Amino acid sequence: MAGVSCLLMWHDGRSSPLSGGGAGPSLTQNFISRRGSRRPHNPKTKDRFRLRQRGLHGGMRLFVSEGAPGSLPVLAAAGRARGRAELLISTVGPEECVVPFLTRPKVPVLQLDSGNYLFSTSAICRYLFLLSGWEQDDLTNQWLEWEATELQPALSAALYYLVVQGKKGDDVLGPVRRALTHIDHSLSRQNCPFLAGETESLADIVLWGALYPLLQDPAYFPEELSALHSWFQTLSTQEPCQQAVETVLKQQGVLALRPYLQKQPQPSAPEGKTVSNEPELPSRAFSSFCLTRLPVAGERNVLITSALPYVNNVPHLGNIIGCVLSADVFARYSRLRQWNTLYLCGTDEYGTATETKAMDEGLTPQEICDKYHVIHADIYRWFNISFDIFGRTTTPQQTKITQDIFQRLLARGFVLQDSVEQLRCERCARFLADRFVEGVCPFCGYEEARGDQCDKCGKLINAIELKKPLCKVCRSSPVVKSSQHLFLDLPKLEKRVEEWLERTLPGSDWTPNARFIIRSWLRDGLKPRCITRDLKWGTPVPLEGFESKVFYVWFDATIGYLSITANYTDQWEKWWKNPEQVELYQFMAKDNVPFHGIVFPCSALGAEDNYTLVSHLIATEYLNYEDGKFSKSRGVGVFGDMAQDTGIPADIWRFYLLYIRPEGQDSAFSWTDMLLKNNSELLNNLGNFINRIRDALRSILTISRHGNQYIQVNEPWKQIKGSEADRQRAGTVTGVAVNIAALLSVMLQPYMPTVSATIQTQLQLPPPACNILVTDFLCTLPAGHQIGTVSPLFQKLENDQIESLRQRFGGGQVKPSPKPAVVETVTAAGPQQIQVLMEEVTKQGNIVRELKAQKADKNLVAAEVAKLLDLKKQLALAEGKPLEAPKGKKKK
Amino acid sequence: QTPVLQTNNGPSLTGLTTIAAHLVKQANKEYLLGSTAEEKAIVQQWLEYRVTRVDGHPSKEDIRTLLKDLNSYLEDKVYLTGYNFTLADILLYYGLHRFIVDLTVQEKEKYLNVSRWFCHIQHYPGIRQHLSSVVFIKNRLYTNSH
């Protein structure tokens with residue numbers, strides 16, 4: 001790279017001259033060897049900035065941190081300014097305090113010859129330019145000031161939402177839109193290619209560097225900003241800028257900023273703009289996002305996990321209720337009780353299935369994981385799952401922690417080596433992973449048993465024990481070949497795990513099915529379990545002779561919880577090596593119990609490193625779909641991504657799934673039952689209660705004029721017509737009722753967060769009352785509290801709506817088509833006419849509701865109600881149904 | 001809230017530090033912006049510090065951190081750049097005035113270097129303008145407090 005004469009010297013600040021061991025460097029080594037395409041220091045980049053060894057004195061020293069956005073403009077400016085800049089670059093941790101006089105960590109930082117520090121990104125860039133003799137004019141200064149005061153606050157909020165919180169679309173773009181438009185307008189107004197005129201200035205480099213991480217993704221670059229586009233393009237194609245991008249973002253795009261940004265406190269949203277579309281209250285948002293949660297001595301510290309979903313399967317309703325939703329309800333409850341709570345989950349990404357999927361789609365395994373991780377995250381966000389962390393298992397931390405546990409087990413003699421007879425498909429030329437073999441279960445004779453477990457009897461199987469094995473990919477019969485593998489010596493650890501269970505189980509919240517499964521495993525006696533596989537996509541085995549093998553997912557998948565936490569905070573051990581202070585709740589479906597209740601505890605106990613072990617293991621049974629199983633391949637059942645297309649709100653799904661949660665035995669999702677539960681329990685019971693309070697309050701306010709309009713016999717109404725004492729009593733009754741509604745809204749929050757927030761808005765609950773659930777009932781609302789506008793909480797689900805969803809998502813396989821019977825009775829009108837009438841009924845219903853909510857004139861309301869009833873009659877006639885008796889005023 | 005300077009020739013300028021730097025140059029007092037590359041960068045760094053950290057609505061905690069950091073920075077310095085009085089001293093003095101007037105005697109002693117620097121700047125001819133003079137006690141009362 002002849003053009004660059006600036007000397008940038010790389011020096012890893014973490015490694016000492018004697019390094020070779022130590023967590024940091026060896027981790028990096030492993031990381032490099034495992035994933036060639038994604039090494040942290042790209043040697044190509046290294047070569048471009050010429051390397052030269054140098055002492056620590058003399059020359060400037062630049063401190064950067066992996067993923068710190070400020071590195072981009074600084075490196076671009078350094079490349080641009082060439083000249084005399086000699087930089088020694090040290091990489092420091094994101095929380096390291098480099099500048100002695102600053103309390104809070106700050107990077108990038110430039111330490112000058114004189115010992116002075118420049119800790120402002122713009123000032124560093126300015127200095128590098130000044131060294132080349134380039135002064136800054138007023139216009140450049142103006143842009144730099146604007147960048148620091150206006151652009152940065154907006155941009156750091158946007159990047160934080162995008163990278164750390166995984167938000168999307170307008171949530172990200174919202175905060176910066178105004179700033180982007182400002183730049184675009186300035187560029188087009190002055191009609192110059194650069195910000196401060198005809199030639200490039202420091203302002204261009206600094207603003208470009210700040211904007212690049214966001215704007216390199218076309219999704220966050222509004223197309224209409226054409227002047228900004230061409231300016232951005234001009235700069236992005238310059239060599240110094242390209243080199244800076246390669247060094248800082250390492251071809252990972254904006255995600256490269258994650259290691260740094262996730263250590264930063266959440267930036268406050270730029271003034272006057274709210275960026276969250278969730279109805280969450282400010283204090284709650286603060287407590288769940290702003291701080292790195294760590295256990296606190298003397299408090300109840302609750303660590304919650306839900307089983308890590310496998311990355312390439314889109315989760316179905318059964319997966320959702322089985323782990324994430326159940327755990328979410330508990331996490332929300334735990335926070336309401338003011339317990340110090342950390343709820344984590346993530347995608348399980350290693351294994352053959354990922355490799356195969358990658359082959360299918362022509363992508364690398366990493367690309368497959370990146371793609372599906374986002375799909376998962378979107379689904380859970382839609383269901384309002386309140387993870388504190390939603391991570392993934394393909395991280396360097398996973399390698400580090402897994403290998404550490406393995407080394408400790410190895411050193412303590414809990415690892416055996418043996419050759420294994422394995423099924424190899426000669427046609428596919430590879431050893432077959434368990435899930436790619438199918439055959440007859442040796443225990444119960446089930447014909448479609450998988451290579452690792454039988455779906456029918458639930459027993460774990462060694463693939464070679466399968467009768468009539470078949471390769472699932474090509475359907476040919478595999479042959480048995482031998483290969484060297486490592487085993488976890490479970491028999492040697494059996495006693496320890498039994499002792500631990502004896503201490504843990506009594507009085508705990510382990511579900512009966514989990515206890516049963518564990519007991520039967522121990523009764524049968526533990527056997528050594530193979531923990532390695534002949535694969536590439538996995539955590540490498542750090543042992544001679546095993547370089548081409550990886551750990552089997554069920555040895556390292558449960559370690560995923562630890563590594564996901566480690567990616568969240570350096571102090572992850574405070575959660576995971578702290579059994580005295582931390583209570584661990586793990587949620588899963590029953591098939592996961594052996595790995596969480598036996599295998600991982602064995603690894604952890606054998607590693608002898610004071611790991612936090614599961615205190616409460618909560619397992620569900622299976623959820624079926626209508627009368628069969630969920631099946632992606634047969635298109636039967638509702639999968640996470642489809643639920644949002646049904647038009648049924650997330651809270652209704654949450655409510656119904658929790659209602660039918662398979663606890664004692666398998667249960668089934670049924671459309672008809674969902675309609676019934678929604679209409680009877682939610683609409684008529686809960687919805688009606690909240691709305692009655694509205695009526696009660698209104699009656700108090702207008703009692704003198706409208707008192708006798710109310711015909712319904714109810715305590716406040718009756719009382720209010722009576723004496724002064726009775727009126728007071730009515731006030732008290734209503735006040736208590738409102739407080740009950742307030743309590744209800746809080747209690748509802750874990751189950752239906754959006755509905756809860758709606759009620760709380762309608763009641764105008766002050767934030768503190770929204771977030772705390774106390775043991776005893778208290779009136780949280782003071783006398784004289786004004787409630788807000790009340791509107792219906794739930795919508796009725798209609799029979800034909802549900803029927804059409806049932807058709808759409810399958811599940812009609814048992815009773816083929818109930819529809820014709822209905823169609824036959826429709827003689828009076830065609831389906832189109834019915835559709836039109838239904839729409840009119842809905843429209844008229846809304847008009848009536850609105851008028852009632854506005855307390856419109858009585859006669860006007862009556863007239864509209866009459867219209868509605870008439871329309872309903874016409875509809876009933878058109879559908880050939882018997883006329884319904886008017887429902888009266890019992891329900892709203 | 002952000003000042004705008006409308007000049008007779010050329011477009012307007014926006015932003016406190018931009019305008020101040022412009023006026024300094026107009027007045028031929030460019031030494032106030034620093035004379036070496038290093039000094040110039042340091043001046044601009046503290047000007048940025050003024051508009052991003054001192055202005056606006058910093059919390060009590062932010063103010064404490066800010067004073068603590070500044071106190072530690074000024075330990076071996078007469079002015080923000082070291083030995084030369086610059087625009088950074090002037091604008092930081094104006095920006096901090098509203099916090100310094102509220103400090104207790106004990107706090108002023110705790111942030112001793114800030115107090116020394118602040119007192120020095122407020123006595124610079126022509127600097128204090130309409131701002132109140134902040135009183136600093138010469139003898140120390142809380143010698144064991146830090």
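Buried area is the accessible area, taken with a 1.4 Å probe, that two parts lose on being put together, summed over both. In this predicted model, chain A and chain B bury about 2,500 Å² between them, and 51% of that area lies on carbon and sulfur atoms. Chain A has 892 residues, of which buried residues make up 53%, and its secondary structure comprises 33 helices and 21 strands.

**Interface of chain A and chain B**

- The contact draws on 28 residues of chain A and 32 residues of chain B.
- On the side of chain A, the residues that lose the most area to chain B are F101(A), D138(A) and E145(A), which together account for 25% of what that side buries.
- Three salt bridges are counted between chain A and chain B; in the one formed by D62(B) with R104(A), the closest N and O atoms are 3.2 Å apart.
- Polar contacts across the interface amount to 19 residue pairs, with both residues of each pair at pLDDT 80 or more.
- Three elements of chain A give two or more residues to the side that touches chain B, namely β5 (117–118), α4 (121–131) and α5.

**Nonpolar cores**

- The largest nonpolar core holds 125 residues, and the members that touch the most other members are W208(A), W231(A), W46(B) and L96(B).
- Helix α5 of chain A, spanning residues 138–164, gives the most to this core, with twelve residues.
- From chain A, this core draws at least three residues from each of domain 1 (4–131) and domain 2 (138–262).
- When neighbours within four places in sequence are left aside, W231(A) is in contact with L187(A), P193(A), F194(A), L195(A), D204(A), L207(A), W208(A) and L211(A).

- Among the contacts of chain A between residues at least 6 apart in sequence, 75% join residues that are at least 24 apart.
- In helix α13 of chain A (residues 352–361), the buried residues are T352(A), A353(A), T354(A), E355(A), T356(A) and A358(A), and the elements that cover them include α14 (365–382) and β10 (430–431) of chain A.
- Just after α13(A), the backbone at G362(A) takes a positive phi of about 70°.
- Q397(A) lies in helix α15 of chain A, residues 396–411, and it counts as buried because its relative accessible area of 17% falls under the 20% cut-off.
- Not counting residues up to four places away in sequence, Q397(A) touches S563(A), A566(A) and N567(A).

- In helix α6 of chain B (residues 112–122), the buried residues are N113(B), V114(B), S115(B), W117(B), F118(B), I121(B) and Q122(B).
- The cover over these buried residues of α6(B) includes α3 (60–73), α4 (87–100) and α5 (105–110) of chain B.
- R50(B) has its place in helix α2 of chain B, residues 37–54, and with a relative accessible area of 12% this arginine is buried, because that value is under 20%.
- Beyond residues up to four places away in sequence, R50(B) touches L16(B), D55(B), L91(B), L92(B), Y94(B) and G95(B).

Methods: Residues numbered from 1 in each chain as written. Chains lettered and ligands numbered in written order. Predicted model: local features only at pLDDT ≥ 70, side-chain atom pairs only at ≥ 80, totals over all residues. Heavy atoms only, no water. Core = buried A, V, L, I, M, F, W, Y, C linked by side-chain atoms within 4.5 Å. Buried < 20%, exposed > 50% of the residue type's maximum accessible area, 1.4 Å probe, protein only. Helix = DSSP H or I, 4+ residues; strand = E, 2+ residues; numbered from the N terminus. Domains from an automatic or database assignment. Contact = heavy atoms within 4.5 Å. Salt bridge = Lys/Arg side-chain N within 4 Å of Asp/Glu carboxyl O. Polar contact = N/O pair within 3.5 Å; in protein donor to acceptor, adjacent residues only side chain to side chain.
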